[in-house]
Amino acid sequence: MTAVLAFYLFAGILLTAGTMVILSKNPVHSVLWLIVAFFNASGLFILLGAEFLAMLLLIVYVGAVAVLFLFVVMMLDIDFAELRAGFMRHLPVGLAVAAIILTEMLLAVGVWQPGAGVAIYGAVGAPPVGMSNTQWIGSLLYTRYLFVFQSAGLVLLTSMIGAIVLTHRQRVGTKRQNIGAQVARTPASAVHAEKPKVGEGVAL
């Protein structure tokens, strides 16, 4: 009975937080509601016995991704008046796109049928005896889903390389540090501090 009450508590707060992420007018409040949603989703994972996924959600998404979102949103100079001014102008187009996507999703779910030999509700099941949940997930990732796992890593590597290339592209007028020139400098060309006498200037 306690688990059922905990499920409805976590699920209710999760749905409320997800709704507030969309409806909040302030982006900072949206990120804070997103953090609340992540916390409650991790609670649902714990109820399912997937403590590894729960901790992964807290450490990676709450501790890194959501905090990064929060810092980026707080650093941006967002004109809320301009955002609200264009809301009503683009509202019909947004509603039309949302209606099309919702119709496509309902049609896809309604007419979808599994192929031969495909289990609709197939599940991996509980971990074997003597193996923890974390060990069971690791054994599946590196055996059954190895190629999918490696493909996801390649996608993340490609995005990281793209971000580095975009960050370090050459810009006109940008001064960069020349390590070779700094290492090869001599004491004669270095700037040194002197204590001039009273009434005298600094010798350059």
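Predicted model: local features only at pLDDT ≥ 70, side-chain atom pairs only at ≥ 80, totals over all residues.
Let us start with Ser 30: leaving aside neighbours within four places in sequence, Ser 30 is in contact with Met 20, Val 21 and Ser 24, where contact means heavy atoms within 4.5 Å. Ser 30 has its place in helix α2. Helices here are DSSP runs of H or I with at least four residues, strands are runs of E with at least two, and both are numbered from the N terminus. Ser 30 counts as buried because its relative accessibility is 11%.

Residues are numbered from 1 along each chain as its sequence is written, and side-chain values use heavy atoms, with hydrogens and water left out.

Ser 24 lies in the loop between α1 (2-23) and α2 (27-47). Is Ser 24 buried or exposed? Ser 24 is buried, because its relative accessible area is 16%. Its contacts, not counting residues up to four places away in sequence, are His 29, Ser 30 and Trp 33. The side chain of Ser 24 also reaches the backbone oxygen of Met 20 at 2.5 Å. This is a polar contact, that is, a pair of N or O atoms within 3.5 Å; within protein, one must be able to donate a hydrogen and the other to accept it, and residues adjacent in sequence count only if both atoms are side-chain atoms.

Further along helix α2 we find Asn 40. Asn 40 counts as buried because its relative accessibility is 7%. A polar atom of its side chain lies 2.7 Å from the backbone oxygen of Val 36. Leaving aside neighbours within four places in sequence, Asn 40 is in contact with Phe 10, Ile 13 and Leu 14. The C-alpha atoms of Asn 40 and Leu 58, which are 18 residues apart along the chain, are separated by 9.9 Å.

I turn now to the nonpolar core. Which residues make up the largest one? The 6 residues are Ile 35, Phe 38, Ala 41, Leu 57, Val 62 and Ala 66. Two or more of these residues come from each of α2 and α3 (51-75). Such a core is a set of buried Ala, Val, Leu, Ile, Met, Phe, Trp, Tyr and Cys residues joined through side-chain atoms within 4.5 Å.

Leu 53 counts as partly exposed because its relative accessibility is 32%.

Finally, the whole protein. It has 8 helices and 0 strands. Of its 204 residues, 12% count as buried. Among contacts between residues at least 6 apart in sequence, 49% join residues at least 24 apart.

How values were computed. Buried < 20%, exposed > 50% of the residue type's maximum accessible area, 1.4 Å probe, protein only.
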